[in-house]
Amino acid sequence: MSMAAITAAQAGRQRRVLPGFGLTMGLTLTYVGIIVLLPVIALVLKGAEIGPVRFWAIVTAPRTLAALQLTITAAALAAAFNAAYGLLMAWVLVRYRFPGRRLLDAMMDIPFALPTAVAGLSLTALFSENGWYGQFLAPAGFPVVYTIWGVAIAMSFTSIPFVVRTVQPILEDMDRSQEEAARTLGATPLQIFVRVIFPAILPSFLVGTTIAFARSLGEFGAVIFIAGNLPMKTEIASLLAVIRLEEYDYNGAAAIALTLVAIAMVLLVLSNWLQSRLTRRRVPA
Amino acid sequence: MKTRLTTALALALGLASPVAAQDAILNVSYDIARELFAELNPVFAQKWQEQTGRSVTIDQSHGGSSKQARAILEGLPADVVTFNQVTDIDVLAEGGLVDENWREAFPNQASPYYSLPAFLVREGNPKNIDDWDDLAQDGVQVIFPNPKTSGNARYTYLAAYAYALDKNNGDQAAAQDFVKKVFANVPVFDQGGRAATATFAERGIGDVLITFEAETGGIARQYADAKLERVTPSLSVLAEFPVAVVTENAEDKGTAEVSKAYLDFLYSPEAQRVLARNFNRVHDEGITAEFAANFPDVKLVTVEDVFGGWDKVQEEHFAEGGILDTVFVNQ
Amino acid sequence: MTPVTPPAALAPRQDRKAQWLLIGLAVALTLFIVVVPLLYILWRALSEGLAVFAQNILAPDTLHAIWLTSAVAIVTLPVNLCVGIAAAWLIARFTFPGRKALLTIIELPFSISPIIAGVCYLLLYGRQGLLGPALAAADIKILFALPGIVLVTLFVTGPFVAREVLPLMQAQGSEQEQAALTLGASGWQIFRRVTLPNIRWALLYGAVLATARAVGEFGAVSVVSGAIRGQTMTLPLQIELLFNDLNVVGAFAAASTLTLIALVVLVLKTLIEARTR
């Protein structure tokens, strides 16, 4: 047994001394069991009822594939936008001091605080052909409402905070001596950013972008107002699940829902893995 | 936690109706009947008060009628349903919630009023839309809801189909081609009839809205400024608006009597007058004459005559893999 | 005014130009995609004057929706606080097999689309669902009533408190609590005197976020609500209902109340952050 393992084991034993294990374990398991697992199990059981052949047929049906493709493409567009915008915002908010900075910082939380349906209502009105933005965009040959761009814009709005809020603290805590060293060695600001700063914030940047992507995949309230629900074109996957439900097609609904939950699980595990790598790297420093 | 929930629930309900009502029923209805029942319910409440001395509150839930039927199957505690499609009540009957012979429980096959799919176009009818033919033209944008969730849209489908059959001497393939072309002109499929209206009237999308005549009339009146124009096609399908008591729920809650009285009331001259004023066609000739301006002439065919009844329609057209699925890009 | 970077002396002249460019871009983008949509709601709500606005807000169904939404928030908050603290304590202070898996499951609701959560609840509690027959036999109504709305809201808001409190508890370590324990303090005393003061701001922040989410949840609630007017319509559902009633100004008026709540949340958050720094 290595030294580290022994200390870890001791620490573990020592920790168990603290009271409340039974109580907190009981509460947590009750919550997780009733609120989270039971409904998900109901979904899995319903999915199992369908049988693999039928399940595969539902998930690979053209309309389902089109919906999944739209959802993933739009979420990727939204995540790409937020990666760029979030990085910009984190940088500007941490590195520069200017009047109104605190206000700008507070604005980053609006998409968390504002209900998504409200955001959807507002964005649809703004981007529709007679709206404030749409009246300029539509004649320019860039219709937004009822297109994939509308879906991507709604998703972008609701996932704005993720990249900013994960990159910001890392950028704040960063040791600036390396940058200064690079500067004295004659590196340009761009070189410093690419070679020194970006590698340091890369893990948190990736975590933020992954979460933004995952959140966009699941976004519903904001999207349905602006998407238009045109089969094969602007119908997101979670809406298709609900439409199947409303058509009495429980199998179809369960199969699509299960697929979305599986994708969510994969992304969650991915982001937790990234996160643990990130903290491991930060702890020694 | 359970007691807390119950307390909160009691609190919520208590505040919802500060004066304890003696009777309360839930009418689960189709999407566009929002204003109609808002007008009918107070009239019934007053009548009920006069007849029995008891006060009654009628709660409303509106949505695509198939969606509503599913919610009732899942436990939405409806006392009565006022739908726009026989099959949606049949589903409830199959689930044991409604009497099997519900069509005999009230006059006119349990359908107190009827309507038909008709058109609403923009001011001056710029695309010259006069009949079903015009909907299949290139460059015409047609708005109606998702036929999988909305009974309203299923009537639109049936009416377009019936028109094409009539025109092509019963050629099924030609009719399917025609309906396919109409569906290809639809930019948005909303979940319910009212959402489609909002898309057309509020968001300004599409050249023509197809929905029940009751809706085209009401919306033309409400949007007088926009000068939307009603267009009645040469032929359409008679759309029954069947009603039923959800026996299981009503007996459970002890509301069977008031539920039946409520549906009976829909056949009374008072209610029929309200219905006709709101552009719903009624069987009473006197009242129809009173509101003749609301109801242009149209050749009406029935589902029984053209399609051989609802069971057959359900099997051939609306079931999974049926004709609707080939027309409506669905799979 | 000139932007001043913290080590101002190190910033060469051409950097300043880039700074202004980036700040300008950041402000312009934020105005375009965040601020204008927010202000637009208030503008539309008031577009027909204060009288119409008041009339819309005071409509009985909208008032009831406000009440119902508040009730849901009030019922879910204590549950979220207890469970959030318990989960954070469990995961930060103990090691046990399956700890990581448990954390993942606690966080799962974050990445499941809320409407899919609603579908899950329907498959579980619906009359045709897994527990449906048993519930019907016991005459317990969950769906299409307050309990169903509360349950899906708990699902959606569950991870917020734990997620704020847990990193803080982990970072602070358990030395203080261990010390209190050796001094003979009881579990409850340790929690109240040592742990709670340490985590209170994170706890408050988590509570604020969870409540904001509970108030604004749309997708999950829309599946289990049943849309009974004046009874099971929460405020976000009422907004959609008003929009489909073709009362657009009313819809925006209802939306403006949620917008104001969002602004209050922002102010609270800023205050909490000021206290923690």
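Trainee: Into which domains is chain C divided?
Mentor: Chain C splits into domain 1 (13-45) and domain 2 (49-276), with bounds taken from an automatic or database domain assignment. This is a predicted model, in which local features need pLDDT of at least 70, side-chain atom pairs count only at pLDDT 80 or more, and totals for chains, interfaces and linings use all residues. Residues are numbered from 1 along each chain as its sequence is written, while chains are lettered from A and ligands numbered from 1 in the order in which they are written.

Trainee: How many residues of domain 1 of chain C are in contact with domain 2 of chain C?
Mentor: There, 5 residues of domain 1 of chain C meet 7 residues of domain 2 of chain C; contact requires C-beta atoms, placed from the backbone, within 7 Å. The C-alpha centres of these two domains of chain C are 31 Å apart.

Trainee: What is the secondary structure of chain C?
Mentor: Chain C has 13 helices and 0 strands, where helices (H or I, at least four residues) and strands (E, at least two) are DSSP runs numbered from the N terminus.

Trainee: Where is C:Thr257 placed?
Mentor: C:Thr257 belongs to helix H13 (residues 248-276) of chain C.

Trainee: Why does C:Thr257 count as buried?
Mentor: Because C:Thr257 has 21 C-beta neighbours inside 10 Å; buried means 20 or more other C-beta atoms within 10 Å of a residue's own, with C-beta atoms placed from the backbone.

Trainee: Which residues does C:Thr257 touch?
Mentor: Leaving out residues up to four places away in sequence, C:Thr257 touches C:Ile57, C:Ile66 and C:Leu235.

Terms used:
Buried ≥ 20, exposed ≤ 12 C-beta atoms within 10 Å, placed from the backbone. Contact = placed C-beta atoms within 7 Å.
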